[in-house]
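Dear colleague,

Please find below the structure for your review. My notes on it follow directly after.

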Amino acid sequence: MKRRLLYLIGLLFVLGSALPVRAQGVFDPAPPDEPTYYNKYKVTVTAEGSAYTSGSGTYKEGTSVYISTSTSSSSYIFLYWKKDGVKYSTSKSFYYTANAPASFVAVYEFEPPVPSEPSPMYKRSIYLTGSPANSCSFNYDYGSKVSENSNVTIRAYANTGYKFLGWYSGSTLVSSSLSFSYSVGTKDVNLVAKFEYDPTAPGEPTSGSGQGSVDNKPRVRGDVNNDGKVNIEDVKLLVDIVLGKAEDKYNAGDINKDMWINIADVAELIKIAIIR
């Protein structure tokens, strides 16, 4: 019995010495991914003559910037835009992809009214002003004519850094929405869009040409192509927008609301499309 016990102890000793020994390694975590850097470009939007403009700001490379103008005096007629001193566009509003610093100037021509020409009695003038100056532009030029007893859509386009407070007629608040329906009676329309400067406030997203009525239908989150539903077609379009192959015409590409349109928005949109 004693010999058998000694044999077992010796066998355990031999087996124990043959077992592999775990090496004590050095902790070597994987290096973090390289940070992604984005270029940012300053876009300046001004006007020659008495006019409002919108679109000025500093934007991430590839951002689709909405640029628009409207006259603040019926005596000034819009001619064209200059980009960095060169004639660029004859449209009052357009989208520009920020891929370099740029300076846009809206060129107007002074054309005084003919005193002897009376205004038709069945037409009324719309006078829209912004406070403070250069805080926005409008979908109607200053002094535009509309029919009496008609309904019109009035819209302000906020510049980057300005927070909208409301539409006012004198000291009376008319509407707290940037876009609203207004009933024109038998008098001229005089309205002031009031803003306050807030550097943390992003520019108000807009759509359309800057003239005429504005699409106010409820927008489905993730509906990048504005067809009323969210699916793979929206994902494809958003990828093209991120790659600079398409424009964000309906300002719906910033899915995660971080003021940038990038791969993070694509990932978020894929989640939404799968859930739906």
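Helices (H or I, at least four residues) and strands (E, at least two) are DSSP runs, numbered from the N terminus. Residues are numbered from 1 along each chain as its sequence is written. This is a predicted model, in which local features need pLDDT of at least 70 and side-chain atom pairs count only at pLDDT 80 or more, while totals for chains, interfaces and linings use all residues; side-chain values use heavy atoms, with hydrogens and water left out.

Ser73 is found in the loop between strand S4 (64-71) and strand S5. With a relative accessibility of 17%, Ser73 counts as buried (under 20% relative accessible area; exposed is over 50%, partly exposed in between; 1.4 Å probe, protein chains only). Beyond its neighbours within four places in sequence, Ser73 is in contact (heavy atoms within 4.5 Å) with Ser50 and Tyr142.

Strand S5 (residues 76-83) pairs with S8 in the antiparallel sense over seven bridges, where pairing requires that DSSP finds at least two bridges between two strands. Lys82 has Val105 in S8 as its bridge partner. Strand S1 (residues 40-48) also pairs with strand S8 (residues 102-110), in the parallel sense and over six bridges; here Val45 has Phe104 in S8 as its partner.

A nonpolar core is a set of buried Ala, Val, Leu, Ile, Met, Phe, Trp, Tyr and Cys residues joined through side-chain atoms within 4.5 Å. The largest one has 21 residues, of which Leu128, Phe138, Trp167 and Phe195 touch the most other members. Apart from it lies another core of 15 residues, including Val43, Phe78, Phe104 and Tyr108.

With kind regards
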